[in-house]
Amino acid sequence: MLGFKSCRLQPLCSVDLGDDCLALSLDWSTGREQCGHPLRLVSSDSKGRVSLLSVDESASSVHVLGQWKGHDFEAWVAAFDYWNTHVVYSGGDDCKLRGWDTRSSSRTPLFTSERHSMGVCSIQSHPRRENLLATGSYDEHVLLWDTRKMKQPLADTHVEGGVWRLKWHPSQEEWLLASCMHNGFVILGCPKDLDENQEKCTILSSYALHNSLAYGADWCRLPLGASLEASTAALTIQEDQRASPEDVKGKNLKIIYESPTATFDVLLEEEENQPPISPSPAGGSLVPQGPSGDARAPDTKANGDAHAAKAHRETSLLATCSFYDHVLHVWKWEVSRSSPLA
């Protein structure tokens with residue numbers, strides 16, 4: 001437990017999107033954390049519709065400004081262009097990605113892309129890089145787009161799982177978190193110098209300790225204080241582009257994970273004389289934390305080296321959740337600041 005006091009969420013207002021439909025997604029117009037007016041929401045629903053809503057200054061009422069048919073089947077997702085909030089994007093089970101100008105009364109899409117081969121279920125505009133859009137689909141691909149030319153994507157990355165959620169890191173421009181359903185969660189490195197039809201982004205890390213569909217994911221947007229770091233004593237995923245198998249030799253590391261649906265061990269190295277583990281594709285390793293939240297090290301020198309390395313690392317806190325087992329995980333990811341993608 002993180003020691004937070006219990007609290008209750010109280011509804012302030014509501015609006016009816018229509019009979020016999022499910023609201024499938026929601027996005028705020030304040031994605032760049034600039035609280036301008038008017039404050040708006042965009043939603044998509046199970047009847048293929050996109051709804052634009054306004055929220056008043058006191059947040060005591062919400063109103064439907066417009067609603068239109070965007071897709072032939074379920075409209076899985078709708079999202080704002082955070083750099084021009086008059087524009088929204090939508091994706092549906094008809095395999096189409098579309099853009100809309102909410103000021104237009106014709107409700108004719110600005111563009112329609114069928115580059116994804118299955119239902120489009122995740123979209124996010126980059127909050128720090130203008131004209132960059134990320135989309136994901138049941139086809140297991142993450143596509144990056146330049147919104148000024150939507151005929152071909154900038155990059156296409158196969159993540160081996162249906163991409164239900166995408167979240168850009170709040171401060172590190174090149175990191176993208178993806179929920180990949182049957183393939184857990186991955187962090188992608190998306191360099192700034194993307195050219196059209198670049199083969200793919202780099203998969204920096206993956207997290208596969210959920211026992212059910214990987215659905216929800218997000219980055220912490222608050223600074224990590226010492227007390228919070230000490231409280232998250234579950235698992236640290238460390239990444240270093242220059243790491244080698246020798247870096248983890250002799251540490252005898254073992255991670256034990258439990259969830260309501262299963263219990264299993266992840267053995268990194270059982271005995272000191274065994275061969276060291278191989279690093280992840282980005283050169284990282286899994287390191288368990290002790291009760292205080294510090295990674296265990298075999299001796300004083302190693303402790304000193306670890307503290308020196310920590311001073312040059314970027315630490316992110318993430319929350320991920322899975323579908324059928326109703327489990328939420330909070331975990332840390334650390335990456336060397338000297339990494340090309342840091």
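**View 1. Thr 320 is a buried residue of strand S22**. In this predicted model, Thr 320 has a relative accessible area of 1%. Buried means under 20%, so Thr 320 counts as buried. Thr 320 sits in strand S22. The side chain of Thr 320 makes a polar contact with the side chain of His 210. The distance is 2.8 Å.

**View 2. Strand S3 is mostly covered**. S3 spans residues 49-55. Of its 7 residues, 7 are buried. In a regular strand, side chains alternate between the two faces of the sheet. In S3, one side carries Arg 49, Ser 51, Leu 53 and Val 55.

**View 3. S3 pairs with strand S2 and with strand S4**. S2 covers residues 39-45 and pairs with S3 in the antiparallel sense over 6 bridges. Arg 40 stands opposite Ser 54 in S3. The hairpin of S2 and S3 has 3 residues between the strands. Gly 48 in this hairpin takes a positive phi near 85°. S4 covers residues 62-69 and pairs with S3 over 7 bridges, again in the antiparallel sense. Here the bridge partner of Leu 52 is Gly 66 in S4. S3 and S4 also form a hairpin, with 6 residues between them. In that turn, Ala 59 has a positive phi of about 60°.

**View 4. Four strands form an open sheet**. The order is S13-S14-S15-S16, and the pairing is antiparallel. Strand S13 (165-168) and strand S16 (202-207) are the edge strands. Each edge strand pairs on one side only. Neighbouring strands of this sheet are turned by 20° against each other on average, direction ignored. S13 is joined to strand S14 (residues 175-179) by 4 bridges. Trp 168 stands opposite Leu 176 in S14.

**View 5. The second largest pocket has a volume of about 770 Å³**. A total of 38 residues line this pocket. The closest to its centre are Gln 124, Trp 168, Pro 170, Asp 218 and Arg 221. Several strands give two or more residues to the lining, among them S1 (23-28), S5 (75-80), S9 (120-125) and S17 (214-219). By class, the lining has 18 nonpolar, 9 polar and 11 charged residues. Rolling a probe the size of a water molecule over the atoms shows where empty space is left.

Note on methods
Residues are numbered from 1 along each chain as its sequence is written. This is a predicted model: local features need pLDDT of at least 70, side-chain atom pairs count only at pLDDT 80 or more; totals for chains, interfaces and linings use all residues. Side-chain values use heavy atoms; hydrogens and water are left out. Two strands pair if DSSP finds at least two bridges between them. Axes are lines fitted to C-alpha atoms, for helices over the stretch in contact, and angles run from 0 to 180 degrees between N-to-C directions. On a 1 Å grid over the protein atoms alone, a cavity is a set of points where a 1.4 Å probe fits but cannot get out, and a pocket is an open set with protein on both sides within 12 Å along at least five of seven lines; lining residues have an atom within 4 Å of a point. Grid points are joined across faces, edges and corners, and a volume is the space filled by probe spheres set on the points. Ala, Val, Leu, Ile, Met, Phe, Trp, Tyr, Cys and Pro count as nonpolar, Asp, Glu, Lys and Arg as charged, and the others, Gly among them, as polar. Buried means under 20% relative accessible area, exposed over 50%, partly exposed in between (1.4 Å probe, protein chains only). A polar contact is a pair of N or O atoms within 3.5 Å; within protein, one must be able to donate a hydrogen and the other to accept it, and residues adjacent in sequence count only if both atoms are side-chain atoms.
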